[in-house]
Amino acid sequence: MLFSSVPFLFYFLPAVMICYFIAPEKFKNAVLLFFSLIFYAWGEPRYVFLMIFFIITGYFCGLALEKYRGSKTAVFFLTGSAAISLGLLGYFKYADFFIGNFNALTHSSLPLLKLSLPIGISFYTFQILGYTADVYLGKAKAQKNIIDFAAYTALFPQLIAGPIVRYTDISAALARRKHTIETAAQGVDRFVAGLGKKVLISNSFGELCSIFRASGEKSILFYWIYAAAFTLQIYFDFSGYSDMAIGLGRIFGFRFPENFDYPYISKSITEFWRRWHISLGTWFRDYVYIPLGGNRVSKARHIFNIFFVWMLTGFWHGADWQFIVWGLMYAVLLISEKMFLKNTVERLPVFIQHFYVMFFVIIGFVIFNASDMGTAASDLGAMFGLVSLPPVTAETLYYLRSYAVIFIVGILGATPLFRILSTKLRNQKEGTDGKAGKFSALLHTAWLCGIIILVTAYLVDGSFNPFLYFRF
C-alpha cells in the first residue's frame, strides 16, 4: 500500500488515527502494531509471517544478549541473530544474483528461484541488526515487552523505505510519549509536503523518464534530459517518502531521524553523502565501517574499508552489478577526495564545486537506474556522443518545452529556498497579531488544502504513480 494512494489516504490512515487516539495509552503500541501488520499484509500477505519470524527471533536474541552480555554466549547469540537476519535477506534478495553469476562462470544451468522480494526487508533487517548490536554493546537495554518491540520493528510509517530508525532513537517514546495538537499539526505539515513532492513532482519526472525509454527519436540532449529527470525523480520520490514517514511519526508521537538535507546543494561528494540517505550512511558507518577500524588503521586498510563499505552500500540497493558499480564509483570518488582532491576542490569557485558534484551524481544515477550494465554503458555512451545520434531532435525540444516548468520547480525544490520562505511565513504567523497573523494562517491552510486537492485529483485520475524504493 503506497502512502500516495487513495486507499491509504482516505481509508487506512483515518482508521488508524481514529483507533489510535481513542485507545488508552497502554494500548497505543498494540494499535500501531495491529495496523502495521495489516499495512504490510495488504501488499505481501504471505510475507507477514516472515516479518513475525524476524520479530520473534530479534526479541528473544535481545533478551539473551542482555542476560549473557560480556560472555561467549552473548557472542553466540549475536552471531546467530546476524546469521538468521542476513541469511534470510540473502536468500530472498540475492540468491538469484549468485545463481545467475555462478551459471555464467561455470556454464551451468541451475534454475533461478525467482522469489518475489519481501517489501521493506532491507530496512527492517537493518533495524533488527542495529538493535541486537546495541544491546550486545550495552548501548541499549533489551526490550522486555514483545508488543513494543514488534511495534518498533513493524511500524508502518517507516517500514517500506525508512528512514532506518534505530531502537535507541525511539526507545523512550515506545514506553511513553506526549501527543499535542502542535506536534500533530507539524506532522500533518510534513506529511502533506512529502505527499506533494512524491505525487506532483516525482511522478511528473517519472512520466518523462518513461516517455524517454519508449521514444524512437532519441538524441544526445534527450539522454541528458532523461538523466537530469531521473536524478530529480529519485530525490523527490525518496525524500518525499521520508517526509511522509517523519510526518506520520510526529502525529503518533515519535521523532524519526532526518534522512535528507538538500544533498544537491553539496560542494563535495563527501558532503553529498552526509546529506543523502543519512540514516543508511550512518548505519554503515557505525555498524560496519567503525568496527572494521574506520580510518584508525593503515592507509591500505583504510582504503579497503571504504571500498568494502561502499560495495555493500551499492549491493544493499539491489542484487545486480550496476548497483555494485554505482557503490564502487562513490568509493573511488570519496577516496580521491580524502587522499588528494579535497584541497583542490575547496579552492574552486562554488559553482564549479556544485557542477563537479552534480556531474558525478547524475552519472551515478544513470548507472543506478539501468536495467543492467550493458544498458548503463549504452546510456553513458549516448550521453557523451559515443553512439551515432543527432545532438537534438524536434521531439527532444518538444518535451524540453513541455517539462520546462516542472524542471524549474524541481531544481528550486531541491534547494532550501521553499523551506526558508515557509519558515519566514510561519514566523510571521506566530509573531504577528491581528489581520496579518490571520492572513498568514489562512494562506498556510490554503496551501496545504491546495496540495491535498491536487494530489487527490491526480490519484483519482489514475495517473502514473510508481514508487522507486519498493524494489530495494
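Predicted model: local features only at pLDDT ≥ 70, side-chain atom pairs only at ≥ 80, totals over all residues.
**Entry 1**

The patch itself covers about 530 Å² and is made by F49, I52, I56, F60, I146 and I147. Two elements, α3 (48-67) and α6 (146-154), each give it two or more residues. I then picked out I147, which sits in helix α6. I147 counts as partly exposed because its relative accessibility is 34%, and the buried class stops under 20%.

**Entry 1: the core**

Next I went inside. The largest nonpolar core has 140 residues, and F8, F156, Y264 and Y330 have the most contacts within it. Helix α10 (residues 220-251) is the top contributor to this core, giving 18 residues. I noted for myself that nonpolar side chains tend to be buried together in soluble globular proteins.

I looked up what Y330 touches. With neighbours within four places in sequence set aside, Y330 is in contact with I269, F272, W273, W310, F360 and V361.

**Entry 2: salt bridges**

How many salt bridges does the count come to? I got eleven. As a reminder, side chains of opposite charge can pair when their charged atoms come close.

I took R166 and D286 to begin with: their side chains meet in a salt bridge at 2.7 Å, N to O. This pair links distant parts of the chain, with R166 in the loop between α7 (156-159) and α8 (167-175) and D286 in helix α12 (residues 278-289), 120 residues apart. Buried or partly exposed, I asked of R166? R166 is buried, because its relative accessible area is 18%, whereas D286, at 21%, is partly exposed. The cut-off for buried is under 20%.

Then I checked D243 and R190, which form a salt bridge with the closest N and O atoms 2.9 Å apart. D243 lies in helix α10 and R190 in helix α9 (residues 181-214), so the pair ties together parts 53 residues apart in sequence. D243 is buried at 9% relative accessible area, while R190 is partly exposed at 24%.

K198 and D237 also meet through their side chains, in a salt bridge of 3.7 Å, N to O. Here too distant parts of the chain are linked: K198 is in helix α9 and D237 in helix α10, 39 residues apart. I found both K198 and D237 buried.

**Entry 3: a network**

Which residues are linked with R190 in a network of salt bridges? I wrote down K197, D243 and E258.

Conventions. Residues numbered from 1 in each chain as written. Heavy atoms only, no water. Patch = residues over 30% accessible without salt bridge, like charges linked within 9 Å, V, L, I, M, F, W, Y side chains within 5 Å. Areas by Shrake-Rupley, 256 points an atom, 1.4 Å probe, with all protein chains shown as cover. Salt bridge = Lys/Arg side-chain N within 4 Å of Asp/Glu carboxyl O. Helix = DSSP H or I, 4+ residues; strand = E, 2+ residues; numbered from the N terminus. Buried < 20%, exposed > 50% of the residue type's maximum accessible area, 1.4 Å probe, protein only. Core = buried A, V, L, I, M, F, W, Y, C linked by side-chain atoms within 4.5 Å. Contact = heavy atoms within 4.5 Å.
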